[in-house]
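Please read the points below with the model open beside you.

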Amino acid sequence: MQAAKSLKLKSNYMTTKRIAGSQAVILSLLEEGVEIIFGYPGGTIMPIYDALYDFDRHINHILTRHEQGAVHAADAYARVTGKAGVCFATSGPGAANLITGIANAMMDSVPLVCITGQVASPLLGTDAFQESDVVGISMPVTKWNYQITDSKEIPEVIAQAFYIAQSGRPGPVLIDITKDAQISELDFEYKKCRKIRSYIPETPVDPFKIKEAADLINTAKKPLLLFGQGVIIGNAEQELKDLIEKTGIPAAWTLLGLSALPSDHPLNVGMLGMHGNYGPNLLTNEADLIIAAGMRFDDRVTGKVSAYAKQAKIIHLEIDPAEINKIIKADIAVLGNVKKSLKMLIGNVNENKHDQWIQRFRDCDKIEHEKIIQKDLYPEKPGLTMGEAIRIVADETKHEAILVTDVGQHQMIAQRYFKFKTSKSNVTSGGLGTMGFGLPASMGAQLGAPNRTVVAVIGDGGFQMTIQELGTIAQNKLPVKILLLNNHFLGMVRQWQQLFFEKRYSFTELQNPDFITIAKGFGIPGHKVDVRDDLETGIKRMIAHEGPYLLEVTIEKEDNVFPMVPTGASVSDILLEP
Amino acid sequence: MKRQYNITIFSENHIGLLNRITIVFTRRKINIESLVVSESAIEGVYKFLVVISTTEDQVKKVVGQIEKLIDVIRAFYHTNEEIIFQELALYKVPIEALYESDTVERIVRKASARILEITREYVVIEKTGHIEETQALFEELNQFKVMQFTRSGRVALTRDPIERLSVFLKERDAFLDSLD
């Protein structure tokens, strides 16, 4: 449908032959199949917005309330759809406001194409009104960026931008277009980019490495597979499942790998890392083989690197050569697309079972359940827990919802207890840990998956960082279900202050506004739950509500997230209690 | 163990690329001791030589991060022993030094330096070599009060008979074509 539309548009424009740079931007985006843009207009991007005005039936533009909202929304759209998210901002402050979101996308390998307006080229470097060197500012946090000062460059550069953003290890790209380049005319012709001489998105998988890896897998007694977001980005969920089912290898996930394997899969042994599950952390230091698939050994996963899986051989399946041996030395590094390498491995490994080894994970589960999970999910104390709210939301959405979270305690609890059936259902800020991500991200997730229930779980701290996006949600009638877990604290920082700073609660307590009244002011209905008896009905009402809805749940003020691998400790020194 | 490494980078000639490359070093708080950029033997391909002191583990990671940059075609690293390198130094000495005795002439001959320009006020001497050699010449000439002194960054060749990049570029073109 989109293709047909864009063909028709093209032929219309082909007869006109010469078009303005601003129109070329929009036509180029249509050629790339862009259906939605998140943005915020301003002086230097006005010609592009003017060109967009003629295409409102072909491209949906979402006017956010802040550029940070636009970039986080585009980020979540990309995570849910697998296509590049697109956002627009004007020069100067507009472009600068994108930076946090671009850094977030860079850390989490999210494809974005950000287009910023820039002052006219004769004014570059003159400290002109709303001039900022956004190419310079964004350089450390983009996969690639480029400044266009000549309208003739527009189609080719945009084609390269999409190719770079979406291929190999994806990432954000920024194109800065001076106002004069938007206004001057060019002969428009669009050709998709298929290669760039200096850029190899992925190397072919080496069959000898696969053979070596398979030999290790076939002889391992205690193998453990760790899967990360690479499996989701590479659409390798089925291959992952086939490999572990054939070999009987237990599999644990990183924060961003979550949802690649159904939560109830018998070989899914849980979450890795600082607030991950007891079994996979403890047994990382007992496994004789670690197979890392599409993950990068983040410090939140490894804990103390010098005490990480020293006894194990390491197989690293990775698309980015710079990740090999960056943190953990690989005994066998298999470069290339994880979908291809997993598929090749399946053909080379023997059918196997590791029942005794898997029993070790079950035993750990039992301990964790008794000490932590039971109390989190079915508390007996009067104060409400984040865990019970998450459990009910997950059950009430039949484990089919898209979970969007902000950053902090609620994020860890939500990742631990929300259950998933399908991939690309978990949207969270992993590498950068960007508070304020949740609410704008929920908009992008909802627009990327309009037929699915999107639940945004957010804490009272992060909610107030981007709360203005309630306006965008209301204006666009996005039926996002916002679960606000309010403990009147910056909970994760407070937890660290309690555990490592002798309860010196330095600037972590919040005096919060009446969130329900604020939502009402934006035209979004809501309800506040203070007692357990009201929780389930409150959640049911939120899920059943047709439009956007805010459910605020008052949480016990000083609850902690456990288990925990303290900073600098080994994964096997994971704590089950303070 | 920290030692000097020479990182050779071949890249497209794009504005801003130098900035992108230096960010890789500054982000890791690695000091760039010498930096030379110029067009390579292959038209349109630029060659950077960056000298840093670090460990082999670190230099490998840095080269990996540089190769990851979209406009970088290829990066290599070498120890000082693996390359032939030179720096160029220029010295401006007062003309009296040349007239009053043959010391300057002897110093220039001994150091295999050469005289570039003689005016009524000064003489300009050029010397190529390693930093120890150009520095030693400076110390010697400074008895006549060197008026100006400048030293270039390092240029280097590998001990390979051919520029590895030309072979590599051919292979890469074939590889990229095979992807279509």
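1. Helices (H or I, at least four residues) and strands (E, at least two) are DSSP runs, numbered from the N terminus. Axes are lines fitted to C-alpha atoms, for helices over the stretch in contact, and angles run from 0 to 180 degrees between N-to-C directions.

2. This is a predicted model, where local features need pLDDT of at least 70, side-chain atom pairs count only at pLDDT 80 or more, and totals for chains, interfaces and linings use all residues. Residues are numbered from 1 along each chain as its sequence is written, and chains are lettered from A and ligands numbered from 1 in the order in which they are written.

3. In chain A, helix α10 (residues 207-219) packs against helix α15 (residues 338-348) at about 55°, and their axes are 9 Å apart. α10(A) and α15(A) are therefore oblique to each other (under 35 degrees is roughly parallel, over 145 roughly antiparallel, 65 to 115 roughly perpendicular, and the rest oblique).

4. Two residues are in contact if their C-beta atoms, placed from the backbone, lie within 7 Å. On α10(A), the contact is made by A:Pro207, A:Ile210, A:Lys211, A:Ala213 and A:Ala214; on α15(A), by A:Ser341, A:Met344, A:Leu345 and A:Asn348.

5. Between the chains, the contact takes 17 residues from chain A and 19 residues from chain B. On chain B, at least two residues each come from β1 (3-12), α1 (17-27), α2 (56-68), β4 (72-79) and α6 (164-179).
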